[in-house]
Amino acid sequence: MPSSFEKAITILQAIRNIDNRTFLLPALQRNFVWTPQQICILFDSLMREYPINTFMLWDVNDQSIKDKYRFYSFLSHYCQRFNEANDYVPTHGDFHDFKAVIDGQQRLTSIYIGLKGTYAYKQPRVWWPATQNDTVLPPRRLYLNLARGMQGDEDEDKFAMYNFRFLTDKQFQNLNLKAHGEWFEVGKVLSLPEVKTVDQITFKVVLPYLKAIQLHENEFACAALTRLYHLIRYEPVINFYNETSQDIDHVLDVFIRTNSGGTPLAFSDLLMSIAIANWEGDARRDIDSLVTDVRQGSDMKFSIGRDWVLKACLMLTDADVRFRVKNFDVARVGIIQKQWPAIKECLTTTFKLLRLMGFNDESIRAKNAIIPIAYYLYRQVHENKPLYASITNLKWLRDERAAIARWLNMVLLKSSFSGQADAVLTRMYRLLKRHLDIRRFPLDKIIEAFVGTNRDLRFDEAYLRGLLDIEHGDPRCRPVLNLLYPDVNENLQFDIDHLHPSSAFTKKALNACPFLAGQTELRKYYENRSNWNSMANLHLLSASQNRSKQDKSLSDWMAGPDAGFKKDQLLLDPNDSLDFKDFMQFCDRRREALFQRLRSNVVMTEELTPAPEVLDEMDEPESTEA
């Protein structure tokens with residue numbers, strides 16, 4: 001049977017389907033987040049015959065889907081902080097076919113809570129308890145005022161007509177006798193007598209009930225209770241699209257394309273939910289803890305998200321890195337969870353290594369470029385231990401760190417991980433895995449493998465000269481300077497700063513330079529940011545060098561004892577002038593020297609013969625056996 005819009009059902013039918021677990025929630029759904037006010041507005045909309053949008057249900061009849069993926073029951077007794085999660089329903093074995101609610105969880109849960117459940121939230125000006133406490137978070141049931149609708153100041157929502165409210169048992173008991181009758185517990189509509197025809201509702205159900213509470217002469221009460229009874233039991237208001245495909249990736253794609261409520265979910269968000277559902281314990285806490293450590297740790301401070309962590313976990317456990325549902329089934333998530341302590345240590349060590357290399361969050365915009373490094377550190381061995389256990393020890397492995405840094409600098413400058421990054425990750429995974437036995441980072445093998453593709457890591461002269469035009473603040477500054485000066489002291493942290501201080505190029509400072517008087521073209525050269533703010537005037541300075549230099553002229557600072565390096569380390573000849581008046585010659589000489597240094601530290605296009613190939617299509621991965 002093809003997917004289609006099905007005949008609408010009543011709220012009572014939907015409630016019964018929830019009770020007998022014909023309706024379940026898939027793991028991709030987020031927790032219930034609606035407020036009591038939103039639930040009241042939903043019931044008001046239903047009472048006023050407003051449309052509440054179409055639901056999307058998924059027929060689940062494939063046993064492999066029942067066995068591999070997790071499904072949950074609907075939440076009935078919500079308690080803020082303490083009971084926000086849905087109960088797991090084992091669907092393996094001979095569990096019956098069912099429908100998974102792909103879109104509409106918040107609305108259906110709200111209806112279910114309003115009719116059969118409770119909603120508990122903290123009382124104002126009361127401290128949060130350590131455990132669930134009905135005194136601090138009293139359960140509330142949904143009530144409808146039968147005596148009158150919203151009037152005057154009570155109408156907080158100007159579009160509401162019916163007065164729905166969540167009341168605690170204590171609040172209800174404290175009402176006076178008259179109000180007791182006026183407030184009708186909405187769920188009791190399910191226990192009112194059944195009738196054979198709609199025209200019997202008012203006379204056989206509503207009026208006898210209202211007469212017992214002395215509201216039978218209230219026209220609003222008669223109309224409201226009649227409307228509620230008819231709405232719940234007879235009116236087919238649950239319209240839904242029924243998806244019959246058993247391809248879960250297709251189902252999620254349909255959901256993403258049709259979901260327009262609130263903030264749209266990305267495919268990675270849905271997969272994150274599935275991974276969490278298949279994780280024994282609190283996966284959200286475990287993964288979020290790693291994300292926080294990497295973001296806030298003083299020796300890291302890199303911005304990553306859950307989706308990055310999941311993709312890294314896939315590669316580190318030798319799985320297909322693509323975000324597909326089958327890559328996050330129970331078996332794969334079980335492997336990831338079993339290795340989680342080692343994975344977490346490896347990932348944090350990787351970011352600490354990058355910090356030691358001088359990188360920061362701004363200089364590595366393409367975070368996927370970090371994943372192959374983590375994989376190599378995780379899978380490579382040094383002295384019978386994983387390489388990540390010793391890579392940050394500066395007493396050894398300098399050549400390994402240098403090769404890793406050189407590769408990362410090149411891929412960042414060539415934007416190798418832009419666009420279809422999964423194809424590059426898959427290729428890198430294969431290359432690294434294939435060459436683990438050579439016991440060193442296979443930089444030359446990687447460069448050769450990408451020759452002739454649109455991810456070629458080689459440089460030509462025009463590209464290199466263009467890199468020298470990069471200005472201070474550009475994320476590419478760091479990888480360019482790292483390639484220019486790969487032998488800096490690993491024990492020190494280096495910042496990027498100007499050699500001739502930027503303060504010397506302000507209008508006020510240039511006005512005070514007598515050699516610029518009347519020299520219009522020369523003055524324009526000094527004023528041009530692309531000259532004094534680009535690579536020719538930038539260098540890596542340690543913290544102590546930065547403190548000693550400040551706004552000193554380059555010639556004065558280099559003549560003093562605190563510079564820490566000589567003129568040849570700036571790639572200048574002994575006779576080259578450092579005076580500010582010779583800034584143009586300084587830039588010309590240094591730009592050419594930087595070009596030659598870059599040329600010798602990267603692989604040029606003429607050094608390897610290209611093999612015609614385009615790396616755009618995603619290859620199928622090799623075996624993913626763990």
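How much accessible surface does the protein chain have, and what share of it belongs to carbon and sulfur atoms? The accessible surface comes to about 29900 Å², and 49% of that belongs to carbon and sulfur atoms. Accessible areas come from the Shrake-Rupley method with a 1.4 Å probe; for residues, only the protein chains shown count as cover.

This is a predicted model, in which local features need pLDDT of at least 70 and side-chain atom pairs count only at pLDDT 80 or more, while totals for chains, interfaces and linings use all residues. Residues are numbered from 1 along each chain as its sequence is written, and side-chain values use heavy atoms, with hydrogens and water left out.

**Whole chain**

Start with the C-alpha trace of the protein chain, which spans about 110 × 60 × 45 Å along its principal axes. The radius of gyration of the chain is 34 Å, whereas a compact globule of 626 residues would have one near 25 Å. This radius is taken over C-alpha atoms, and the globule rule is 2.2 Å times the number of residues to the power 0.38.

Switch to a cartoon: the chain has 25 helices and 16 strands. Helices (H or I, at least four residues) and strands (E, at least two) are DSSP runs, numbered from the N terminus.

Colouring by accessibility comes next. Of the 626 residues, 52% count as buried; buried means under 20% relative accessible area, exposed over 50%, and partly exposed in between (1.4 Å probe, protein chains only). Among contacts (heavy atoms within 4.5 Å) between residues at least 6 apart in sequence, 74% join residues at least 24 apart.

**Helices 2 and 4**

Select residues 36-47 for helix 2 and residues 105-116 for helix 4; their axes come within 10 Å and cross at roughly 90°. The two helices are therefore roughly perpendicular to each other. Helix 2 contributes I39, L42, F43 and L46 to the contact, and helix 4 contributes R107, S110, I111, G114 and L115. These residues divide into six nonpolar, two polar and one charged.

Axes are lines fitted to C-alpha atoms, for helices over the stretch in contact, and angles run from 0 to 180 degrees between N-to-C directions. Angles under 35 degrees count as roughly parallel, over 145 as roughly antiparallel, 65 to 115 as roughly perpendicular and the rest as oblique. Ala, Val, Leu, Ile, Met, Phe, Trp, Tyr, Cys and Pro count as nonpolar, Asp, Glu, Lys and Arg as charged, and the others, Gly among them, as polar.

Now pick M47, in helix 2. M47 is buried, at 2% relative accessible area. Neighbours within four places in sequence aside, M47 is in contact with L144, Y162, F164, A224, R227, L228 and L231. Its C-alpha atom is 9.5 Å from that of I232, 185 residues apart along the chain.

Move to G104, in the loop between strand 7 (98-103) and helix 4. G104 counts as buried at 6% relative accessibility.

**Loop residues**

S73 is in the loop between strand 4 (71-72) and strand 5 (77-79). At 14% relative accessibility S73 counts as buried, and, not counting residues up to four places away in sequence, S73 touches L24, L25, N86, D87 and V89.

Which way is E383 classed, buried or exposed? E383 is exposed, with a relative accessible area of 62%. E383 is in the loop between strand 13 (381-382) and strand 14 (385-386), and its phi is near 55°, a positive value in a residue other than glycine.

End at L397, in the loop between strand 14 and helix 15 (398-413). L397 has a positive phi of about 65° although it is not a glycine, and L397 counts as buried at 16% relative accessibility.
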